[in-house]
Amino acid sequence: MTTVKDCVFCKIVRGEIPSRKVYEDDDMLAFHDIAPQAPVHFMIIPKDHVDSLAAVGPEHERVLGRMFATAGRLAREQGSPEGFRTIVNTGRIGRQDVYHLHIHILGGPEPFGRMMPLPGS
């Protein structure tokens, strides 16, 4: 696994690698993805290094709850008022590229093509 010393997201948290910040507080950081897959695409990470969702324990409940609780407000502020997609890739099978827990937030106006109408609408 990645060490805190060479983890790219830990380097972003420490300010060693620049990022386009969306939000920051004592426990978490949100920043734009460098290769966006939608008009709105940012990530929310805990500032403390956690390898993946599989490594989460009871001691992480507060920060993870805050990360998810903040996601909606940040998505709306970034231009996704009608909804968004959250993705947490976990481990090799889950196609996790950076081994520091992160939540992808993707959205924007029709970021995934026009939605089919629901039956009866």
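Of the 121 residues in the chain, 37% are buried. The model is a predicted one, and the values in this report are computed from it. The accessible surface of the chain amounts to about 7600 Å², and carbon and sulfur atoms hold 54% of that area.

The chain contains two helices and five strands. Read from the N terminus, these elements follow the order α-β-β-β-α-β-β.

As to overall dimensions, the C-alpha atoms fill a box of roughly 50 × 30 × 25 Å along the principal axes. The radius of gyration of the chain is 15 Å, which agrees with a compact globule, because such a globule of 121 residues would have a value near 14 Å.

The largest nonpolar core has 16 residues, and the members that touch the most others are Val 22, Ala 30, Phe 42, Ile 44, Met 67, Leu 74 and Ile 105.

| Element | Residue range |
|---|---|
| Strand S2 | residues 28–32 |
| Strand S3 | residues 40–46 |
| Helix H2 | residues 61–77 |
| Strand S5 | residues 103–107 |

Helix H2 provides the largest share of this core, with six residues. Val 22, one of the core members named above, is in contact with Ala 30, Phe 31, His 32, Phe 42, Leu 74 and Gln 78, when neighbours within four places in sequence are left aside. Another core, of eight residues, lies apart from the largest one; Cys 7, Phe 9, Phe 31 and Met 43 are among its members.

Is Lys 5 buried or exposed? Lys 5 has a relative accessibility of 71% and therefore counts as exposed, since the term applies to values over 50%. This residue is found in the segment before helix H1 (8–13). Not counting residues up to four places away in sequence, Lys 5 touches Lys 11 and Arg 14. Lys 5 and Leu 101 are 96 residues apart along the chain, and their C-alpha atoms are separated by 15 Å.

How values were computed:
Residues are numbered from 1 along each chain as its sequence is written. This is a predicted model: local features need pLDDT of at least 70, side-chain atom pairs count only at pLDDT 80 or more; totals for chains, interfaces and linings use all residues. Side-chain values use heavy atoms; hydrogens and water are left out. Helices (H or I, at least four residues) and strands (E, at least two) are DSSP runs, numbered from the N terminus. The radius of gyration is taken over C-alpha atoms; the globule rule is 2.2 Å times the number of residues to the power 0.38. Buried means under 20% relative accessible area, exposed over 50%, partly exposed in between (1.4 Å probe, protein chains only). Accessible areas come from the Shrake-Rupley method with a 1.4 Å probe; for residues, only the protein chains shown count as cover. A nonpolar core is a set of buried Ala, Val, Leu, Ile, Met, Phe, Trp, Tyr and Cys residues joined through side-chain atoms within 4.5 Å. Contact means heavy atoms within 4.5 Å.
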